[in-house]
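Please walk me through this model in the viewer. Tell me what to select at each stop and what is there.

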2 protein chains.
Amino acid sequence: MPHAFPKLFEPFTINSMTLPNRLVLPAMVTRLSGEDGFVNQDITDRYVRFAKGEVGLIVVEAMAVHSAKSGPLLRICDESFKPGLTDLARKIHDTSPSKVIPQIIHFLKIARSGWRQKIEDLSPADIKLIVEQYGQAALRARECGYDGIELHMAHAYTLSSFLSKKNKRPDDFGGKSLQHRLRVPLMAVSEVRKMVGDEFPIGVRFLGEECIKGGYTTAESAIIALRMAQAGVDYISLSAGGKFEDAIHKEGEVLYPYTGYSGDRCMPPMEYPDGYNLHMAEAARAQLRKHGLNTPVIATGKISTPELAEEILQNDRADLIGMARALLADPDLPKKARVGDEEKIVKCIYWNICKALDETFHQVVCGLWPKADLHAPYSEDTVPPIWQSADPLKVLVRTGSVRLNWQKAADNEAVMGYEIWRSEDGGAQFRHIYSVTVSMYTDNLAVAGNHYQYYLRAYDIAGNKSAPSNIISVDLPVDVVIPELTVVP
Amino acid sequence: MPHAFPKLFEPFTINSMTLPNRLVLPAMVTRLSGEDGFVNQDITDRYVRFAKGEVGLIVVEAMAVHSAKSGPLLRICDESFKPGLTDLARKIHDTSPSKVIPQIIHFLKIARSGWRQKIEDLSPADIKLIVEQYGQAALRARECGYDGIELHMAHAYTLSSFLSKKNKRPDDFGGKSLQHRLRVPLMAVSEVRKMVGDEFPIGVRFLGEECIKGGYTTAESAIIALRMAQAGVDYISLSAGGKFEDAIHKEGEVLYPYTGYSGDRCMPPMEYPDGYNLHMAEAARAQLRKHGLNTPVIATGKISTPELAEEILQNDRADLIGMARALLADPDLPKKARVGDEEKIVKCIYWNICKALDETFHQVVCGLWPKADLHAPYSEDTVPPIWQSADPLKVLVRTGSVRLNWQKAADNEAVMGYEIWRSEDGGAQFRHIYSVTVSMYTDNLAVAGNHYQYYLRAYDIAGNKSAPSNIISVDLPVDVVIPELTVVP
């Protein structure tokens with residue numbers, strides 16, 4: 001047991017499943033499957049790569065419980081998908097102690113014309129079918145050798161739309177009453193439990209906040225968590241936003257639910273503070289504990305480092321830590337943290353190339369990976385990159401920015417990128433502010449009247465870091481800020 | 001000095017101004033002025049009423065530094081407005097120790113066609129003029145006897161648009177560089193300081209978060225706070241959202257910037273937890289203190305009670321507490337808290353009738369006030385309402401809600417409303433969940449599987465509360481939640 005992250009590497013038991021650590025890969029779109037929905041080699045490679053990194057729990061990307069048309073999306077809607085799914089589970093289990101759970105989804109129809117089916121259009125028979133499809137899919141997952149099942153109740157999809165404060169159904173499945181909005185999601189949980197038995201872990205993922213006008217917030221998501229736990233759910237995983245209501249419509253394309261503000265809140269980009277959605281997990285967990293329920297809560301949303309993860313666990317703010325983009329950037333993060341090699345982690349910088357690729361219907365890769373690589377690179381090399389001169393780093397100060405550029409480092413294998421470290425006001429405390437794969441960077445948040453210092457560390461594919469480069473000092477004098485305004489006549 | 005709120009009632013000095021307590025009325029639209037922009041009787045009555053309640057600092061609603069056309073809006077754009085403004089300041093000062101500061105605003109043109117002028121359209125000469133107009137307006141405020149000046153840099157207006165991450169100017173007044181985005185706002189601060197002298201308090205109000213896609217967050221607002229403080233600003237007041245970018249356009253009307261999600265974040269409605277925007281004040285304050293600056297920070301956003309205000313101050317999360325809607329509901333909140341009568345406070349319930357009135361271009365009143373009243377009622381009566389029977393409260397439990405109705409209470413003057421108190425799971429801890437002016441209420445957040453208790457307290461115009469009504473117990477059994485689904489063939 002390492003001293004640095006004692007809580008993070010405590011095994012954690014959820015019903016009949018014991019995770020080797022408290023790190024969770026939440027379901028993340030890859031666009032690696034074909035439109036046929038079968039598991040293919042790319043999908044297999046992606047998830048085996050995560051298993052190799054030893055994350056405690058892998059939640060495989062959403063797979064449809066029904067056969068409706070969509071883009072590339074895994075399916076679990078009939079028996080024909082079971083061989084591929086069985087093979088995937090087995091290969092993951094063969095790789096490491098990581099546990100694996102599929103996320104199952106139902107979504108409504110959508111058209112390029114802008115029309116989309118809504119939950120208000122569903123008949124009781126439609127609802128009954130959806131509930132049964134969840135049950136059948138969960139049973140298949142168990143039969144395929146998965147360790148549990150996760151019901152997708154988040155973002156813009158069917159069960160989430162029932163939970164939503166925008167659910168406008170006039171009957172007992174919607175309207176202003178939270179109990180009515182909970183009904184169909186709870187029916188799905190009940191049906192799934194009936195099909196998989198008491199000992200099979202069932203998780204649910206829903207929104208801590210909808211992040212749209214008139215949407216629900218933690219005041220209601222905490223009650224949703226309570227009802228889910230009372231209904232026998234084994235874990236609660238929280239997301240945020242990702243709704244149709246504020247999606248940006250592109251001419252001739254189907255509306256995509258992560259393109260508006262609520263999409264930013266779902267996958268907070270670099271502009272957001274770390275752990276931005278943590279208050280949602282805290283609110284749900286507090287509500288559960290107040291009612292004497294120990295159901296674990298998974299926190300997600302720009303939790304970037306094992307240090308932050310450990311701190312969250314130590315302070316009892318969540319039970320498990322979800323990391324999607326951070327594990328995409330470096331699937332070996334868990335293993336590196338476990339063996340004390342956390343300095344070798346390739347740090348996600350949340351510039352959301354992955355999100356942009358998804359939104360433009362491309363296969364999802366990380367912008368920090370070597371160009372053309374479909375999966376995170378791997379190397380057991382231990383030799384770090386070296387600088388090729390004593391002062392590779394140069395600076396150009398403009399009125400509104402600090403531009404850094406540098407002479408490339410060398411490596412026995414390949415330099416993968418450069419970390420930019422900065423200190424403010426002469427402090428000795430340098431902080432990693434960004435990473436790039438090129439050899440220049442512009443700091444647009446350096447402001448006049450303050451003193452900055454910068455250095456770089458080059459890193460290779462294994463994450464070995466070079467020694468710091470030369471340190472550059474920059475003073476931005478106040479008088480640069482307010483020039484005499486020259487008025488052009 | 002009362003024991004309940006020792007910190008809240010500590011006097012607080014900002015440059016040459018000493019506030020009697022740490023409660024601040026942030027600038028709030030009233031729509032009480034005429035389109036001519038002169039102070040009138042309604043405006044005077046509104047602000048004198050706040051002074052009577054003894055709030056530490058009154059920030060008078062935004063007044064324009066220029067003469068552009070708009071709806072009802074105060075003006076400070078030429079000498080003709082000084083007599084009215086002088087009279088207003090004098091009457092406020094004559095009423096109580098409250099201090100008073102006008103908020104000054106510049107906004108760009110907007111048309112019913114949907115067209116709106118943008119900061120990208122402004123020439124250097126336009127910018128110079130705006131900066132000078134801020135200086136002139138601030139000087140007028142000082143000459144009119146105000147205790148300081150606040151520059152409006154929040155929401156959808158000119159200076160905020162410069163600070164915004166959506167500022168697309170290609171020159172040194174915008175673009176990606178935060179320093180360039182800060183330039184015009186800092187020029188305005190510098191010009192104002194030049195005009196009013198070193199000892200006149202200057203405050204700025206800007207957004208802690210823009211709450212729109214691609215908008216800035218605390219990562220940048222903390223730096224904005226730092227630069228403002230370094231530029232000699234005397235206090236920082238934070239708001240959130242209220243942008244044009246996500247405003248909902250109504251056919252034939254000019255776009256109004258509080259109608260989208262960012263409008264909810266500006267004035268968080270009842271669905272939001274108390275103190276929802278507090279992290280913004282904390283981030284700004286931490287940045288200032290890290291740089292050795294003691295500039296005070298005003299936190300705002302659904303800070304509903306003196307208890308929460310005191311807790312925020314005790315925990316050093318902010319220096320001053322802004323309450324807009326809570327003081328609209330009961331301008332006497334500060335005085336009641338000071339003398340130990342906090343139980344008599346008429347509690348804002350954040351149903352945002354005030355916000356809806358503003359958005360539909362009506363005079364802003366509180367939905368809890370007696371119908372037809374233009375200002376908060378006042379009474380020195382001390383006799384509380386009484387119930388007219390032993391069990392006035394009745395309940396009707398439906399599958400999705402708990403409906404309460406009751407026999408009205410009686411009062412020697414007039415019953416103003418009813419507080420609804422609820423406990424969960426048999427706990428003795430009842431919590432005020434809502435207030436109404438009618439005699440019925442539906443609880444849409446009561447869910448099956450849980451046990452609830454309710455009672456009422458009637459209150460009169462002075463805020464005297466009746467004894468609790470009879471307690472109603474409600475059990476919502478779990479089996480109500482998941483009925484056998486009847487499929488209509």
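Start with α6(B) and α8(B): α6(B) passes α8(B) in a right-handed crossing. A crossing is right-handed if the near helix is turned clockwise from the far one by less than a right angle, and left-handed if anticlockwise. Select residues 218-230 of chain B for helix α6 and residues 278-290 of chain B for helix α8. Their axes come within 8 Å and cross at roughly 50 degrees. Axes here are lines fitted to C-alpha atoms, for helices over the stretch in contact, and angles run from 0 to 180 degrees between N-to-C directions. α6(B) and α8(B) are therefore oblique to each other. Angles under 35 degrees count as roughly parallel, over 145 as roughly antiparallel, 65 to 115 as roughly perpendicular, and the rest as oblique.

Show side chains next. α6(B) brings B:Thr218, B:Ala222, B:Ile223, B:Ala225, B:Leu226 and B:Ala229 to the contact. From α8(B) come B:His279, B:Met280, B:Ala283, B:Ala284, B:Gln287 and B:Leu288. Contact means heavy atoms within 4.5 Å. By class, the contact of α6(B) with α8(B) has nine nonpolar, three polar and no charged residues. Ala, Val, Leu, Ile, Met, Phe, Trp, Tyr, Cys and Pro count as nonpolar, Asp, Glu, Lys and Arg as charged, and the others, Gly among them, as polar.

A note on the model before moving on. It is predicted: local features need pLDDT of at least 70, side-chain atom pairs count only at pLDDT 80 or more, and totals for chains, interfaces and linings use all residues. Residues are numbered from 1 along each chain as its sequence is written, chains are lettered from A and ligands numbered from 1 in the order in which they are written, and side-chain values use heavy atoms, with hydrogens and water left out.

Stay in chain B and select B:Tyr146. B:Tyr146 sits in the loop between α3 (124-143) and β7 (149-153). Helices (H or I, at least four residues) and strands (E, at least two) are DSSP runs, numbered from the N terminus. Is B:Tyr146 buried or exposed? B:Tyr146 is buried, with a relative accessible area of 4%. Buried means under 20% relative accessible area, exposed over 50%, partly exposed in between (1.4 Å probe, protein chains only). Not counting residues up to four places away in sequence, B:Tyr146 touches B:Leu85, B:Leu88, B:Ala89, B:Val100, B:Ile101, B:Pro102, B:Ala141 and B:Phe200.

Now go to B:Gln407, in the loop between β13 (402-406) and β14 (415-424) of chain B. B:Gln407 is partly exposed, at 38% relative accessible area. Beyond four places in sequence, its contacts are B:Trp387, B:Gln388, B:Ser389 and B:Pro392.

Switch to chain A. Select helix α1 (residues 41-52) and helix α2 (residues 82-95): they pack at about 25 degrees, with axes 8 Å apart. α1(A) and α2(A) are therefore roughly parallel to each other. The contact includes A:Ile43, A:Tyr47 and A:Val48 of α1(A), and A:Leu88 and A:Ile92 of α2(A).

Then pick A:Gln117, in the loop between β6 (99-105) and α3 (124-143) of chain A. A:Gln117 is buried, with a relative accessible area of 17%.

Finish with both chains. Chain A can be laid on chain B with an RMSD of 0.0 Å by a turn of 180 degrees and a shift of 0.0 Å along the axis. The two copies are thus related as by a two-fold rotation axis. Superposition is by least squares on the C-alpha atoms of residues with pLDDT of at least 70 in both.
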